[in-house]
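Welcome, and thank you for taking a look at this one with me. Below are some numbered notes to read alongside the structure.

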Amino acid sequence: MALPPVKPDVGAAVPIDKRELQTVIDKGKADPTAVRTLRCRTVAQGRLSQLNYIRNLPPQPVMEDEPEGLLGESTAPNASEALLAALGSCLSIGIHANALGRGIPIRSLELHVEADINMTSVWGSGDLHPKTIGFESIRVAVSIDADASRKVLAALIRHTVLWSPVANTLHNPVHLDVALAPAVAAAA
């Protein structure tokens, strides 16, 4: 599937403000033990379409659906594709912020994220023989146009991956607790 063309005015052409970045850095250094809980509410919409609500944002839900070959209607990315988008977005933001912090102006930045997944188990209802469930490998190719050597840019990318919360969540073991929610009393 071909990707839509990228608008020339979209991307790293509008840099983040260095003073605002410094404020965020200073806040993190002031309390390095601070933990923030992120939340998302997922609501089934019918068939395999989902809406995800994040923070207290106005109704701007993230839509997810499965491709036609997996019983969906191909109206939006599926959850695995959304995970790749989250990784690409996190890395892009991190590269941008770290480049700014190092005084490297970026003219353009594009990440090509792809992953291999065995879909034969179909959510635990298909071929249940032992296999890797989920992504077997993820590859990210970073295309960056900036005033720095390839060596400096490669170091920038390595540093960003090392400190990316999404990359680390995918790379490191994470405690996952999924349980049935407490029963809600019926309204009288």
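1. Let us begin with a term. A nonpolar core is a set of buried Ala, Val, Leu, Ile, Met, Phe, Trp, Tyr and Cys residues joined through side-chain atoms within 4.5 Å. Please also keep in mind that what you see is a predicted model.

2. Now to the core itself. The largest nonpolar core has 13 residues, and the members that touch the most others are Ile-95, Ile-106, Leu-109, Ile-144, Ala-146, Leu-153 and Leu-156. Four elements each supply at least two residues of this core: helix H2 (79-101), strand E4 (106-117), strand E5 (135-146) and helix H3 (150-163). Helix H2 gives the largest share, with 4 residues.

3. Which residues is Ile-144 in contact with, once its neighbours within four places in sequence are left aside? They are Ile-95, Ile-106, Ser-108, Leu-109, Leu-153 and Leu-156. Of these, Ile-95, Ile-106, Leu-109, Leu-153 and Leu-156 are also listed, like Ile-144, among the core residues that touch the most other members.

4. The protein chain has 4 helices and 5 strands. Read from the N terminus, these elements follow the order α-β-β-β-α-β-β-α-α. Of the contacts with a separation of 6 or more, 50% are between residues 24 or more positions apart.

5. A word on burial and surface. The protein chain has 188 residues, and 19% of them are buried. Its accessible surface is about 14,400 Å², with 60% of that belonging to carbon and sulfur atoms.

6. Next, please find Ser-164, which sits in the loop between H3 and helix H4 (165-171). Is Ser-164 buried or exposed? Ser-164 counts as buried because its relative accessibility is 2%, and the cut-off for buried is under 20%. Its side chain reaches the backbone nitrogen of Ala-167 at 3.0 Å. Apart from neighbours within four places in sequence, Ser-164 is in contact with Cys-90 and Leu-91.

7. Val-140 belongs to strand E5. With a relative accessible area of 33%, Val-140 is partly exposed.

8. How far apart in space are Asp-116 and Ser-137, which are 21 residues apart in sequence? From C-alpha to C-alpha, the distance is 5.6 Å. Neighbours within four places aside, Asp-116 is in contact with Gly-134, Phe-135, Glu-136, Ser-137 and Arg-139. The side chains of Asp-116 and Arg-139 are joined by a polar contact of 2.8 Å.

9. Glu-114 forms a salt bridge with Arg-139, and the closest N and O atoms are 2.9 Å apart. This pair links distant parts of the chain, with Glu-114 in strand E4 and Arg-139 in strand E5, 25 residues apart. Glu-114 is partly exposed, with a relative accessible area of 44%. Arg-139 is also partly exposed, at 33%.

10. How many salt bridges are there? The count comes to 5. One of them pairs Arg-107 with Asp-147, whose closest N and O atoms are 2.8 Å apart. Here too distant parts of the chain are linked: Arg-107 is in strand E4, Asp-147 is in the loop between E5 and H3, and 40 residues separate the two. Arg-107 counts as partly exposed, at 44% relative accessibility. Together with Asp-145, Arg-107 and Asp-147 are linked in a network of salt bridges.

11. Asp-17 counts as partly exposed, at 27% relative accessibility, whereas Arg-19 is exposed, with a relative accessible area of 65%.

How values were computed: Residues are numbered from 1 along each chain as its sequence is written. This is a predicted model: local features need pLDDT of at least 70, side-chain atom pairs count only at pLDDT 80 or more; totals for chains, interfaces and linings use all residues. Side-chain values use heavy atoms; hydrogens and water are left out. Buried means under 20% relative accessible area, exposed over 50%, partly exposed in between (1.4 Å probe, protein chains only). Contact means heavy atoms within 4.5 Å. A polar contact is a pair of N or O atoms within 3.5 Å; within protein, one must be able to donate a hydrogen and the other to accept it, and residues adjacent in sequence count only if both atoms are side-chain atoms. Accessible areas come from the Shrake-Rupley method with a 1.4 Å probe; for residues, only the protein chains shown count as cover. A salt bridge is a side-chain nitrogen of Lys or Arg within 4 Å of a carboxyl oxygen of Asp or Glu.
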